[in-house]
Amino acid sequence: MRIQRVLTSVFVAVLAAFSTHAQTIGQNAPMNSDGTFTISVGSQLVVETISVKDKKGNPISGLSAKDFTVTEDGASQTIRFCEHQTLPQTPAAPMPEGSEDLKLYRRLARSQIAPEQPGNIHYKDRRLLALYFDMSAMPPNDQLRALAAAQKFIRTQMTESDLVSILRYSGGSVDVLQDFTADRNRLLSILETLIVGEGQGNSEINDDASASDTGAAFGQDDSEFNIFNTDRQLSALQTAAKMLGSLNEKKSLIYFASGLRLNGIDNQAQLHATVDAAVRAGVSFWPIDARGLVAEAPLGDATQGSPGNIGMYTGAAALALTTNFQQSQDTLYSLAGDTGGKALFDYNDLTKGIVQAQQAIGDYYILGYYTTNDALNGKFRHIKITVNPELNASLDYREGYFAGKKFGKFNATDKERQLEDALMLSDPITELTIAMEINYFQLNRAEYFVPIVVKIPGRELALAKRGGFEHTLIDFIGEVKDTYAGTTATNLRDNVNVKLTDATAAELAKRPIEYEAGFTLLPGKYEIKFLARDDETGRIGTFQTTFTVPNLNKELKHIPTSSVVLSSQKVDIKDALYNAQKTKDQEKEQAVNPLVQNGQKLIPSVTRVFSKDHNLFVYLLAYKAPEAGTASGPAAAPQPLVAYVNLYQAQNKVFQSQPVEATPQANTRLGVTPLSFTIPLNELPPGEYTCQVTIVDPSGQKSTYWQAPIIIVP
């Protein structure tokens with residue numbers, strides 16, 4: 001699929017109606033508006049889980065907050081609560097396989113674990129085990145082994161104190177299929193509904209010595225793209241750890257994967273971020289290599305071609321295969337070792353890895369305190385916990401954590417990671433208001449140009465004085481996924497640096513900022529998720545929706561048409577206030593984008609709210625393919641299409657435009673027929689209307705109707 005970035009422009013658009021009706025989020029009232037003041041006080045709750053045992057290794061019970069002493073960077077802290085957790089490890093009565101009548105729970109996946117209130121121990125005397133299936137890192141046979149191991153544990157090894165949740169990552173977002181529950185029947189039903197093979201496609205990357213001879217032409221090295229695949233896997237793991245961080249108890253995340261190989265030092269930043277997030281959240285990773293005990297052939301198995309270089313004779317190929325396999329386990333070992341867990345390698349009974357995580361959590365205490373250091377600088381803070389020396393006890397606890405960090409302290413890596421984490425969450429972030437319109441225009445028999453238009457109210461953006469100008473920087477990130485295949489069709493990462501003069505900066509509070517981009521897609525159903533972030537404040541807005549690109553070649557009963565674009569303004573390309581593209585790209589932009597004609601660009605109305613002071617522009621393309629000639633003579637000249645626009649209010653027609661005749665453009669295989677209308681609104685009363693576009697083909701006896709609601713304001 002060919003992806004083409006066509007347009008990236010920012011306009012401060014004249015749209016008073018949008019600024020009047022748009023929802024305002026996060027606005028600060030003037031300090032002297034009503035004579036009242038607001039004082040904000042923040043505090044950071046730090047929760048520590050600590051295991052206290054005597055010389056024989058037996059847990060010590062009956063301790064209270066008075067028996068513990070906590071210091072942070074040498075400063076004494078006041079313990080606010082102390083809870084004792086007692087967790088028996090005797091398995092409940094096993095569930096015979098096949099004896100129960102499973103009720104399948106088909107429900108929408110969530111993106112968050114139900115949190116606890118600060119200082120509240122919701123799951124007292126409960127062991128929290130999260131089963132995390134990385135479908136993108138396991139081929140189907142490994143997925144089957146992982147799911148079978150989870151089912152065996154739930155049937156035979158789960159105790160009465162265990163609460164299990166099920167999380168899945170399939171290359172897009174981290175889905176919570178089941179929150180923590182002790183209902184074994186419910187857990188088994190969720191595992192039954194998991195689709196084997198879903199999200200798979202992240203193949204192991206080999207180096208030159210072990211690369212197979214595929215007979216293909218030379219291409220770009222796949223390892224360049226595997227860097228981002230590995231980062232996404234680690235970032236997904238980081239997202240899961242943050243979800244579990246909302247709970248105060250000890251958490252174990254059992255990570256099923258078929259290895260996870262880093263690419264040199266390229267993935268080190270994300271690896272450290274994932275480990276830091278787990279330590280901060282009190283989560284220990286327990287990776288399980290779903291491949292089990294593997295006996296590899298020296299030159300590879302039958303799933304790939306044999307190496308075709310000199311390495312197969314010198315032993316370098318066999319050594320490279322072994323090295324790749326070991327490196328894929330090294331990362332799992334690091335994740336476990338750095339977070340207090342243990343990895344299970346080269347063992348066919350994968351259930352043992354879950355049991356190890358289960359048995360590692362026994363009798364322990366939960367201590368909570370509000371740190372006296374309220375600086376959000378992201379620095380590491382050392383924690384020291386002691387008990388009454390007379391107990392002569394050994395302690396096991398987290399010896400420090402990284403403090404939170406304000407957005408103003410973020411570096412470039414932190415800012416990029418914040419956007420990626422927000423993109424992977426299914427729940428939208430609504431700190432900024434975002435409106436979007438998606439259109440489609442046929443380019444040829446197979447491809448469609450899909451422009452998107454995003455508008456953000458200017459009054460929700462913060463301004464900073466830089467270089468003598470008012471300045472604001474907006475970051476954009478987006479992803480378009482094929483709904484049926486579950487794969488990413490294309491993605492977007494961009495930013496716009498807007499510098500405003502004093503005159504335009506004053507008007508930003510009542511004018512939106514517009515961003516546009518375009519993609520080339522095939523017919524199908526897609527889901528787009530688009531995020532925008534104000535780089536001055538760190539506030540993020542999310543827009544998420546599904547859209548369909550129809551296959552107009554299969555339209556036989558009606559006249560195939562593009563999207564209908566409604567607008568209230570046209571802008572000269574050269575007069576645009578802000579343009580993110582270079583001047584040399586403008587000619588290419590005008591040639592590809594149907595909304596750019598004769599040096600003017602039609603600005604789509606995302607909200608479809610129009611002022612009486614402006615005209616309503618209606619634009620679309622119809623496609624009437626020319627008839628082929630025959631042996632008896634050439635094809636007849638194409639006949640024109642007739643189109644007109646009606647406006648209805650309460651089922652009554654209040655306006656009808658003059659019919660327009662349009663002839664298909666010459667030398668176009670699709671028979672592209674532009675249809676354009678200009679409708680004055682000054683004589684229509686304000687209110688809600690229905691706009692209807694009618695296209696008729698008198699020669700072919702076909703017609704097409706399109707309707708959409710609009711609002712006219714004074």
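Predicted model: local features only at pLDDT ≥ 70, side-chain atom pairs only at ≥ 80, totals over all residues.

Residues are numbered from 1 along each chain as its sequence is written, and side-chain values use heavy atoms, with hydrogens and water left out.

Helices (H or I, at least four residues) and strands (E, at least two) are DSSP runs, numbered from the N terminus. The axes of helix 2 (residues 140-156) and helix 3 (residues 184-193) come within 10 Å and cross at roughly 170°, where axes are lines fitted to C-alpha atoms, for helices over the stretch in contact, and angles run from 0 to 180 degrees between N-to-C directions. The two helices, helix 2 and helix 3, are therefore roughly antiparallel to each other, a term used for angles over 145 degrees. In their contact (heavy atoms within 4.5 Å), Leu-147, Ala-150, Gln-151, Ile-154 and Arg-155 of helix 2 meet Arg-184, Leu-187, Leu-188, Leu-191 and Glu-192 of helix 3. The residues of this contact comprise six nonpolar, one polar and three charged; here Ala, Val, Leu, Ile, Met, Phe, Trp, Tyr, Cys and Pro count as nonpolar, Asp, Glu, Lys and Arg as charged, and the others, Gly among them, as polar.

Turning to the sheets, two strands pair if DSSP finds at least two bridges between them. Four strands form an open sheet with antiparallel pairing, in the order 4-3-12-14. Strand 4 (75-77) and strand 14 (400-402) stand at its edges with a single partner strand each, so one side of each is left without a neighbour in the sheet. From one strand to the next, the twist averages 30°. Strand 12 (residues 380-387) pairs with strand 14 over three bridges in the antiparallel sense, and Arg-381 stands opposite Tyr-401 in strand 14.

Another open sheet has five strands in the order 26-27-24-29-33, again with antiparallel pairing. Its edge strands, each pairing on one side only, are strand 26 (596-597) and strand 33 (672-680). Two bridges join strand 26 to strand 27 (residues 600-604), and Gln-597 is placed opposite Gln-600 in strand 27.

Strand 34 (residues 687-697) is joined to strand 30 (residues 641-649) by seven bridges, and the two run antiparallel; Tyr-644 stands opposite Thr-694 in strand 34. Strand 34 also pairs with strand 35 (residues 702-713), in the antiparallel sense and over 11 bridges, with Ile-712 in strand 35 as the bridge partner of Gly-687. Four residues lie between strand 34 and strand 35 in their hairpin, and Gln-701 in the turn has a positive phi of about 55°.

Where do strand 22 and the cavity meet? Strand 19 (469-482), strand 20 (488-500) and strand 22 (524-534) each supply at least two residues of the lining of the second largest cavity. That cavity has a volume of about 30 Å³, and its lining includes Ile-452, Phe-519, Ile-528 and Phe-530. The lining residues divide into six nonpolar, three polar and one charged. Ile-528 also stands opposite Thr-545 in strand 23, and strand 22 pairs with strand 23 (residues 540-549) over 10 bridges in the antiparallel sense. A cavity, on a 1 Å grid over the protein atoms alone, is a set of points where a 1.4 Å probe fits but cannot get out, and lining residues have an atom within 4 Å of a point. Grid points are joined across faces, edges and corners, and a volume is the space filled by probe spheres set on the points.

How values were computed
1 Å grid on protein atoms, 1.4 Å probe; cavity = no way out; pocket = protein on both sides within 12 Å on 5 of 7 lines; lining within 4 Å. Parallel < 35°, antiparallel > 145°, perpendicular 65-115°, else oblique.
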